[in-house]
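The sequence and structure come first.

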Amino acid sequence: MRQRYFSGIQPTGELHIGNYLGAIKSWIGLQDTYEGIFGIVDYHAITEPYKPSAMSKRVIDAALDYLAAGLNPNKSIIMIQSLVPEHTEMAWLLNCITPVSWVERVPTYKEKAKQLKIGVNMGLLSYPVLMAADIMLYKSTIVPVGEDQAPHLELTREIVRAFNGRFGDTFPEPQTYLGSGARIMSLTEPTRKMSKSLGPQSYIALSDPPYVIRAKLSKAVTDIGPTGGEISPGTKNLFQLMSIFSSAETYGHFKKLYDEETIRYSEMKEKLADDIISVLGPIRDRRQELSLKPDYVRDLLIEGSHKAREIARETFLEAKDKMGLIYFYGE
Ligand code: TYM
């Protein structure tokens, strides 16, 4: 039996290579050894301002990206979070054992609380508790994510310990699984992680056509000459991308030129663009094919959500039982 885990992505727009390298690539690599449940976590996405009319397209877009990147629906479950109500029910149970001080110290919460002019809603505060519910409902033993999610995983483990300590051993402590691209930086502000919130020039979307990838990379921040030994954040980011997308030979070639201080960044960027395009090209083609089959994608999401619900229901009832909340057996 393959061990199980849940991981997910918010449907907040087009997925980028940060999402791909930090999460999806690990999911694909683990498909044979683990049973993955991959959520399109729409309830997480409504904790910040959003457009109701855009949501449905974003959910489908995320599903297209998952499938095009290589998730195999015969090996993995792809689901929509809001179609499995046990996620929010479980989150309520966990809300009642999680001290407010634990969630208030989560770095992403603190950062967003500062940024959001309209103030913080209850959903944003208990966001990591819903995430813990996502993970715990499937008794996940690992969770492949990017590095930015590590504090959420730490909190999940604390909640697991709190639950097990109070109601008896029920959940495993999930380990954070970081892949080789766990922290990809923005192309325009390389001291910050690549993110949709920094604008389209800062990231490469999985669906970007080749000429857009070339244009974005050609403007990526590097350094303007030798930096006295310390590699600049932008250059470091390009080398990290090259170590993932290009051959060892290409990487070695440009690293040597960098060390000799004879590197021409325009050449490095062109080669990197070629190599990224050759990985993303087939993904983009598959995405286009799948977008012509909306019924297939819809049925797959509905079926995946049903399958996920069966597993989630069992765990949820177990948790309720442990908490003394089952009154009429067999009802
Ligand atoms: P989200 O939607 O912000 O990002 C989805 C995944 O992509 C990773 N990621 C990155 N990895 C490397 N470099 C980057 N620049 C980069 N940007 C994003 C994220 O680490 C994540 O793995 N809270 C989660 C969604 C979620 C979840 C869960 C994840 C909800 N419930 C349960 C795992 C398990 C989030 O907002 O990810």
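## Domain interface

Domain 1 and domain 2 bury about 1,100 Å² between them, with carbon and sulfur atoms giving 58% of that area. Buried area here is the accessible area (1.4 Å probe) that two parts lose on being put together, summed over both. Ile17, Leu21 and Ala68 supply 41% of what domain 1 buries against domain 2, more than any other three residues.

The model is predicted: local features need pLDDT of at least 70 and side-chain atom pairs count only at pLDDT 80 or more, while totals for chains, interfaces and linings use all residues. Residues are numbered from 1 along each chain as its sequence is written, and side-chain values use heavy atoms, with hydrogens and water left out.

Domain 1 consists of 3–183 + 293–322, and domain 2 of 208–289; these bounds come from an automatic or database domain assignment. The two centres, taken over C-alpha atoms, are separated by 31 Å. Contact (heavy atoms within 4.5 Å) involves 14 residues of domain 1 and ten residues of domain 2.

Four residue pairs, both members at pLDDT 80 or more, are in polar contact across the interface of domain 1 and domain 2. A polar contact is a pair of N or O atoms within 3.5 Å; within protein, one must be able to donate a hydrogen and the other to accept it, and residues adjacent in sequence count only if both atoms are side-chain atoms. On the side of domain 1 that touches domain 2, α1 (17–29) and α3 (52–69) each supply at least two residues. The largest share of that side, six residues, comes from α3.

## Salt bridges

A salt bridge is a side-chain nitrogen of Lys or Arg within 4 Å of a carboxyl oxygen of Asp or Glu. By this rule the count comes to 24, and between domain 1 and domain 2 it is two. Two salt bridges are listed below.

| Salt bridge | Closest N and O atoms |
|---|---|
| Arg287 and Asp65 | 2.7 Å |
| Asp61 and Lys57 | 2.8 Å |

Asp61 and Lys57 are four residues apart in helix α3, so about one helical turn separates them.

## Whole chain

The chain has 14 helices and five strands. Helices (H or I, at least four residues) and strands (E, at least two) are DSSP runs, numbered from the N terminus. Along the principal axes, the C-alpha atoms of the chain fill a box of roughly 75 × 45 × 40 Å.
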